[in-house]
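Trainee: Could you take a close look at a single part of this model, setting it beside the overall build of its partner chain? I would like one connected account.

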Amino acid sequence: MTSLPTPTPGARKLGLVIDLDTCVGCHACATNCKEWNTSGHMAPLPDHQPYSAAQEGVWFNRVHAYEAGDGDEGRTVHFPRSCMHCETPACVTVCPTGASYKRAEDGIVLVNTDMCIGCQLCAWACPYGARELDEDQGVMKKCTLCVDRIYNETIPEDRRVPACVSTCPANARHFGDLGDPNSDVSKLVAERGGYELMPEMGYQPVNRYLPPRKASSQVKTAPKEAGPLPSQITNPLLRWMDKVLSR
Amino acid sequence: MKPAPSIIFFTVASGAGYGLLFWLGVLKPLGILPASSMFSATAAIIALALITAGLCSSLLHLGRPERAWRALSQWRSSWLSREGVAAVLTFLPATVFLIALAHGENALMVPSGLLSALGAAVTVYCTGMIYASLKPIKEWHHPMVAPGYLLFASFSGVSLLAMLAIFWGGGFFPALVAAALGLAALMFKRAYWASVDATPAGSTRESATGLGFIGKVRPLESPHTEANYLLREMAFRVGRVHAAKLRSIALLLGFALPALMFCLAIILGGGAAMVLGLLGAASAIAGLLVERWLIFAEATHTVALYYPTQR
C-alpha cells in the first residue's frame with residue numbers, strides 16, 4: 001500500500017544525524033554499508049564490470065565533498081548522502097505497485113523487491129538520489145536503515161545500529177529516534193542546530209545534518225622557523241651551545 | 001533526464017491514439033464525419049493500434065515487465081497506477097465503440113463513443129500528471145505540463161482524423177480543428193518554454209547541502225570516479241547543447257507545418273488535399289517525437305545538484 005501511514009503524535013521516527021563538522025570523508029560508512037547490505041535485507045547490491053574500467057554499482061550511501069565559501073571563512077566539507085526516510089516521501093506515493101512503503105511503527109522507507117516492477121518513477125520522485133536501479137534484478141534498491149541490524153537480537157545490543165554508524169571512525173554518524181524530543185539524537189540536533197536538506201521540497205526528511213562549526217579565530221602571526229635537530233649539528237661546540245640555549 | 005525511447009514512443013503513439021479516439025467519439029455522434037462505416041472502423045482500429053503499441057512500448061521501460069499487472073493496484077496514491085487503470089478501463093467502451101462503428105449501430109455508438117472519449121481524456125491527463133507531480137524536476141512540476149499533454153494528444157489525434165477524413169472525402173471540419181489546434185499548440189508550447197526559462201530553480205547546491213550559510217557551494221570531489229545510475233538517468237545534459245535548434249524544429253515540424261498543410265488542404269481539396277493531409281499528420285507525429293525528446297532532455301533533476309556539472 002503506497003498511501004502513507006497516518007502520522008500519530010509521538011510516533012517513532014528512526015533516522016540518522018550526520019555531523020559535517022567531524023566527517024573526515026574516509027568513505028568507511030559507504031564501504032561498510034555496501035558490505036553489510038550486499039548480503040542484507042535488500043541484497044545483493046550489484047557491481048558491473050567490477051574489475052575493469054567503467055566499474056560501477058549500487059550504493060546506498062555516497063560521500064561527496066564540497067567547498068563552501070571563500071577566503072578565511074571557506075571550508076571543505078565532506079558530505080555523506082543517503083535516504084532521508086522522509087515523513088512524506090513521494091517515492092512511496094508515486095509507486096504504482098505497492099512495492100514501496102513507509103513503516104508506521106518506525107518510519108523506515110523500504111522496497112518489497114518481490115513486487116517492484118522497476119518503473120523507476122520513485123527514483124525520479126526522490127530529490128536526494130536515494131534510490132538506485134539494480135539492473136541485474138530489474139528492481140529498485142535503497143537504504144533500509146539497516147532494518148536487519150537494528151532489530152537483530154543475534155548481535156550484541158550496543159551494536160544494533162546501522163552499519164554506517166557502527167563503522168564511523170570520527171563518530172560523525174548518529175542513529176536514533178528523531179520523533180522523541182528527549183532522545184540523544186534529538187538533543188544533539190537541538191544543541192548543534194541540525195538541519196534538513198532541501199526543506200523547500202516539502203518531503204519532511206527525518207535525517208538531520210549538523211553544520212560545520214565556525215573555524216576558530218586563527219592566530220595570524222607567522223609560524224616560528226624550526227631549528228635544526230641536535231643530531232644535524234655536526235660541530236660539537238655549536239651542538240653544545242644549541243643544547244644550553246635550548247633550555 | 002535521460003530520454004527513454006520506449007516512453008517517448010509510448011506518449012506520442014498512445015497520445016495520438018487517444019486523441020484520435022477522443023475526436024472520433026465526440027464528432028461521430030454529431031454526424032460531422034464521413035458516414036462510411038469503413039472510414040469509422042479504420043479510424044477506430046488505427047486509434048486502438050496506436051494505443052496498444054504505445055502501452056506495449058511503455059512496458060519495455062520496466063525492469064520487470066512481467067509484473068506490470070501489479071501497477072494497477074495503487075490508484076489511490078499513484079498517477080502511474082491511475083494511468084494504467086484508466087488505460088485498461090478505456091478499452092471496454094472503445095471495443096464496444098469499434099464494433100458499433102463497424103456494424104453501423106447508431107444506438108450503441110453514441111454512448112460508447114462518448115465514454116471512449118472520456119476514457120481517452122482521463123488517461124492522457126493521468127499521463128501528464130505523472131510528470132507534473134514530480135517536484136524534483138522543475139520543468140515537469142509546472143501547471144502547463146498536464147494541459148500540454150492533453151492539448152498535444154488532442155492535436156495529433158485530430159490530425160490523424162483529418163488525414164483519414166480527407167481520404168473519405170469529408171475532411172473539412174477535422175482539418176479546420178487540426179489547423180486551429182496546431183496554432184494553439186504552437187503558442188502554448190512557446191508560452192511554456194518562456195515560463196520555464198524564466199522560472200529560477202527552486203533548489204540550489206546551497207539548499208541541497210545546507211551549506212549556504214558559509215557561502216557559495218562548489219563540488220570538490222565526486223563520491224565515485226565512474227558514472228552511476230543517478231548520473232546516467234538524472235544528470236543527462238546532452239540535449240541542452242542543441243536545445244534552441246531542437247525547439248525550433250519541434251515547433252515547425254510539430255505544429256506550424258501541419259497547421260499550414262491542413263489549411264492548404266481545405267483550400268485546395270481533391271488529390272492535393274490527400275497528399276497534404278498525409279504530410280501534415282506525419283509532420284505532426286515527427287515534431288511531437290522531437291518535442292517529447294526535449295521534455296526529457298531539457299528536464300533538470302535536483303540530484304544533479306550534488307554532482308559536478310555534467311556534459
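Mentor: Of the 247 residues of chain A, 46% count as buried (20 or more other C-beta atoms, placed from the backbone, lie within 10 Å of the residue's own). The model is predicted: local features need pLDDT of at least 70 and side-chain atom pairs pLDDT 80 or more, whereas totals for chains, interfaces and linings use all residues. Residues are numbered from 1 along each chain as its sequence is written, with chains lettered from A and ligands numbered from 1 in the order written.

Chain A holds seven helices and 11 strands (DSSP runs numbered from the N terminus: H or I of at least four residues, E of at least two). Its radius of gyration, 24 Å, is well over the 18 Å given by the globule rule for 247 residues, so chain A is more spread out than a compact globule (taken over C-alpha atoms; the rule is 2.2 Å times the number of residues to the power 0.38). Along the principal axes, the C-alpha atoms of chain A fill a box of roughly 85 × 45 × 40 Å.

Buried residues of H10(B) include B:Leu251, B:Leu253, B:Phe255 and B:Phe262. Helices H5 (145-167), H6 (172-198) and H11 (270-297) of chain B are among what covers the buried residues of H10(B), a contact being C-beta atoms, placed from the backbone, within 7 Å. After H10(B) comes B:Gly269, with a positive phi near 65°.

Note on methods: Buried ≥ 20, exposed ≤ 12 C-beta atoms within 10 Å, placed from the backbone. Contact = placed C-beta atoms within 7 Å.
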